Amino acid sequence: MCSPGEAPPGPAAAGELPPEWETDDERMAFLFSAFKQSREVNSTEWDSKMSFWVGLVLARGRRRGAVRTCLRELQNGFERRGSVPLGLGTVLRELLRRGKLQRESDFMASVDSSWISWGVGVFILKPLKWTLSSVLGDSKIPEEEEVLIYVELLQEKAEEVYHLYQSSALSSHPVVSLAELCSLCAGLCPDERTFYLLLLQLQKEKRVTILEQNGEKIVKFARGLHAKVSPMNDVDIGVYQLMQSEQLLSQKVESLSQEAEKCKEDARSACRAGKKQLALRCLRSRRRTERRIAELHSKLDALQGILDRIYASQTDQMVFNAYQAGVGALKLSMKDVTVERAENLVDQIQELCDTQDEVAQTLAGVGINGLEMDSEELEKELDSLLQDSSKDSLDLPAVPQKVLSAPMADAELEAELEQLSVSAGDLAQKIPSASSEPKPALGLNL
């Protein structure tokens, strides 16, 4: 079966199917029929039917969010009025050929892992089966219950697992137990088998490495988004053991704290009942427990200090590696650069600048001589123009004298103004001497 122990999903909902599914019986009869033996018989019908089912199969997997499927599950999902598509096997074979689907057995065999069989009962005869599949290709129609994987969906889900870990509190440690990681991904992986497939995909991408230590699986992630995971080393194993010890001590402290609280309540109850000796024994037991708790707290502090120093040393190592890489790059970039060569280059540049200045001065001298010749010609032409202008000034008519005598013109205007004033009768009566004052002025102009 596709999912051992689980019932296959039922038919697809109406919203997941194309409009013609319920309205066009003739077209659906054509789509539910089997493919011809050869595409060359009618390539148009073949391609139309193949395009319809390929899109529907891929869309169903993405809507369900399941990375695994099989022919039986798809036949149940696309059942219509008691009929199943007869060409689904051919469609799955085409998707296998295109790389959109992959047999689960081939995928597991392609990943070099020694832990594939744990937990799920998967035992693969890797050499023969995978080699034949690789050589012969996916020309065989998959069996009804043979598990197939949506390749693109598996890669996307694996990426989600990686980002989920990076954003969780577990990422503060370089390694994590498989059980903790499985609990973290419970909302993302519908079953344990899918979780293992996602881990295999991450291991295939070299972003995860898994090691079994004392019967327990530990997982190490790559630290950067685009980094490759380094092999598990003794430091990683030591850090994991310290983390496990820290967790055990924390659990022990929690248990002893509850025990101390219980002793306190028992002492209170015994005191109320008048059992003084029993109450004293409970209090002594409580004090012993508290001393044990204090000792465990000191051990916890020591473990946490060691972990902090390890993390700090890893950071120092990273910085040291960065410095070392920078020095190597600087040496490489300065490989052919020396002080003597730099001085020689500066001298060459100075000589070239001096040569350029001399060339510019030479070219400027030629330009200046030409300008001097032009200036002499222009001065001659200017002298001739001045001589012509002096001749023209001799032929000008004489300037009238009246025009030059501006004060006389002003006196005449004042006399005329006085005459206009005299013509007014009211002014003649009020100011009799006003008409006699302009007369000398008029006499001067006669």
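Predicted model: local features only at pLDDT ≥ 70, side-chain atom pairs only at ≥ 80, totals over all residues.
Local features were taken only where pLDDT is at least 70 and side-chain atom pairs only at pLDDT 80 or more, while totals for chains, interfaces and linings use all residues. Residues are numbered from 1 along each chain as its sequence is written, and side-chain values use heavy atoms, with hydrogens and water left out.

We can begin with the strands. Helices (H or I, at least four residues) and strands (E, at least two) are DSSP runs, numbered from the N terminus, and two strands pair if DSSP finds at least two bridges between them. An open sheet is built from 3 strands in the order β1-β3-β2, with antiparallel pairing. Its edges are β1 (68-69) and β2 (101-103), each with a single partner strand, so one side of each has no neighbour in the sheet. Between β1 and β3 (residues 148-150) there are 2 bridges in the antiparallel sense, and Thr 69 has Leu 148 of β3 as its bridge partner. Helix α8 (residues 151-166) lies across β2 and β3, at about 60° to β3. Elsewhere, β5 (residues 208-213) and β6 (residues 216-221) pair antiparallel over 6 bridges, with Leu 211 opposite Ile 218 in β6. These two strands form a hairpin with 2 residues between them, and Asn 214 in the turn has a positive phi of about 55°.

Turning to helix packing, axes are lines fitted to C-alpha atoms, for helices over the stretch in contact, and angles run from 0 to 180 degrees between N-to-C directions. The axes of α3 (residues 43-64) and α5 (residues 88-98) come within 10 Å and cross at roughly 75°. Contact means heavy atoms within 4.5 Å; the residues making it include Trp 46 and Trp 53 of α3 and Leu 92 and Arg 98 of α5.

Gln 201 sits in helix α10 (residues 192-204) and counts as buried at 6% relative accessibility (buried is under 20% relative accessible area, exposed over 50%, partly exposed in between, with a 1.4 Å probe and protein chains only). Leaving aside residues up to four places away in sequence, Gln 201 touches Phe 107, Leu 154, Gln 155 and Ala 158.

Finally, the whole structure has 0 disulfides, a disulfide being a pair of cysteine sulfur atoms within 2.5 Å. The sulfur of Cys 185 is 5.2 Å from its closest cysteine sulfur, in Cys 189, too far for a bond. Cys 185 is buried, with a relative accessible area of 1%.
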